[in-house]
Amino acid sequence: MSIHLEKAEMLRNAKERHYNCAQSVLIPFAGEAGLDEETAYRIASGFGSGMKTGKVCGAITGGAMVLGLLGLDSPENMQRLFREIQGHHEGVTDCRNLLALNARDGGEKKPHCDQMVYEVIGIVDGIIAG
């Protein structure tokens, strides 16, 4: 298990403070990107729940932020991030539609969102590894 995934699991299970999906992806990489965790928390605050509108999943936008901060935001890497998510979720990347697919399959919201965070971190870790 990567250190990024371990940190994300800790954030997703935190009781003292809520970490949205974007925050839960960005914060584990914050130090490597030259950010302190509080700044990362604030930057990603408006990106959870699909920018609070049900649009692009917050975990995905968090992943895009990480790739940008690490200088890995080439079109190929960004396409890989989206393509891998789409491949696992019937072509869907919007929060609202991802949640609808999950509900259709009998899933609960929090475990689904946790899994999206972990999935994106795995993809980003893969991109970093080359």
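User: Which residues does Ile-121 touch, not counting residues up to four places away in sequence?

Analyst: A note before we start: this is a predicted model, where local features need pLDDT of at least 70, side-chain atom pairs count only at pLDDT 80 or more, and totals for chains, interfaces and linings use all residues. Residues are numbered from 1 along each chain as its sequence is written, and side-chain values use heavy atoms, with hydrogens and water left out. Ile-121 lies in helix α8 (helices are DSSP runs of H or I with at least four residues, strands are runs of E with at least two, and both are numbered from the N terminus). Contact means heavy atoms within 4.5 Å, and the residues that Ile-121 touches are Ser-2, His-4, Leu-5, Ala-8, Ser-24, Val-25, Pro-28 and Phe-29.

User: Is Ile-121 buried or exposed?

Analyst: We look at relative accessible area, using a 1.4 Å probe and protein chains only: under 20% is buried, over 50% is exposed, and in between is partly exposed. Ile-121 has a value of 0%, so the class is buried.

User: How many Å apart are the C-alpha atoms of Ile-121 and Cys-21?

Analyst: Along the sequence, 100 residues separate Ile-121 from Cys-21. In space, C-alpha to C-alpha, their separation is 11 Å.

User: Which residues of helix α7 are buried, and where on the helix do they lie?

Analyst: Helix α7 covers residues 95–104, and its buried residues are Cys-95, Leu-98, Leu-101 and Asn-102. An α-helix has 3.6 residues a turn, so residues three or four places apart point the same way. Taking directions from the helix axis to the C-beta atoms, the buried residues of α7 fall within an arc of 130°, so they line one face of the helix.

User: How are α7 and α8 oriented to each other?

Analyst: Two packed helices are described by the angle between their axes and the distance between the axes. The axes of α7 and α8 come within 10 Å and cross at roughly 125° (axes are lines fitted to C-alpha atoms, for helices over the stretch in contact, and angles run from 0 to 180 degrees between N-to-C directions). Angles under 35 degrees count as roughly parallel, over 145 as roughly antiparallel, 65 to 115 as roughly perpendicular and the rest as oblique. The two helices α7 and α8 are therefore oblique.

User: What classes of residue make the contact of α7 with α8?

Analyst: From α7 come Leu-98, Leu-99 and Asn-102, while α8 provides Lys-109, His-112, Cys-113 and Met-116. Ala, Val, Leu, Ile, Met, Phe, Trp, Tyr, Cys and Pro count as nonpolar, Asp, Glu, Lys and Arg as charged, and the others, Gly among them, as polar. The contact of α7 with α8 therefore divides into four nonpolar, two polar and one charged.

User: How is α5 oriented to α6?

Analyst: Helix α5 spans residues 58–69 and helix α6 spans residues 75–88; their axes come within 10 Å and cross at roughly 160°. That angle makes the pair α5 and α6 roughly antiparallel.

User: Which residues of α6 does α5 meet?

Analyst: On the α5 side, the residues are Ile-60, Gly-63, Ala-64 and Leu-67. Their partners in α6 are Asn-77, Met-78, Leu-81, Phe-82 and Ile-85.

User: And how is α5 oriented to α8?

Analyst: The axes of α5 and α8 come within 9 Å and cross at roughly 25°. This angle makes α5 and α8 roughly parallel.

User: How many nonpolar, polar and charged residues are in the contact of α5 with α8?

Analyst: Ala-59, Ile-60, Gly-63, Val-66 and Leu-67 of α5 take part, together with Met-116, Val-117, Val-120, Val-124 and Ile-127 of α8. By class, the contact of α5 with α8 has nine nonpolar, one polar and no charged.

User: Is Thr-93 buried or exposed?

Analyst: Thr-93 lies in the loop between α6 and α7. Leaving aside its neighbours within four places in sequence, Thr-93 is in contact with residues including Lys-55, Phe-82 and Leu-98. With 12% relative accessibility, Thr-93 counts as buried.

User: What is the phi of Lys-52?

Analyst: Lys-52 is found in helix α4, and a relative accessible area of 61% makes Lys-52 exposed. Although Lys-52 is not a glycine, its phi is positive, at about 60°.
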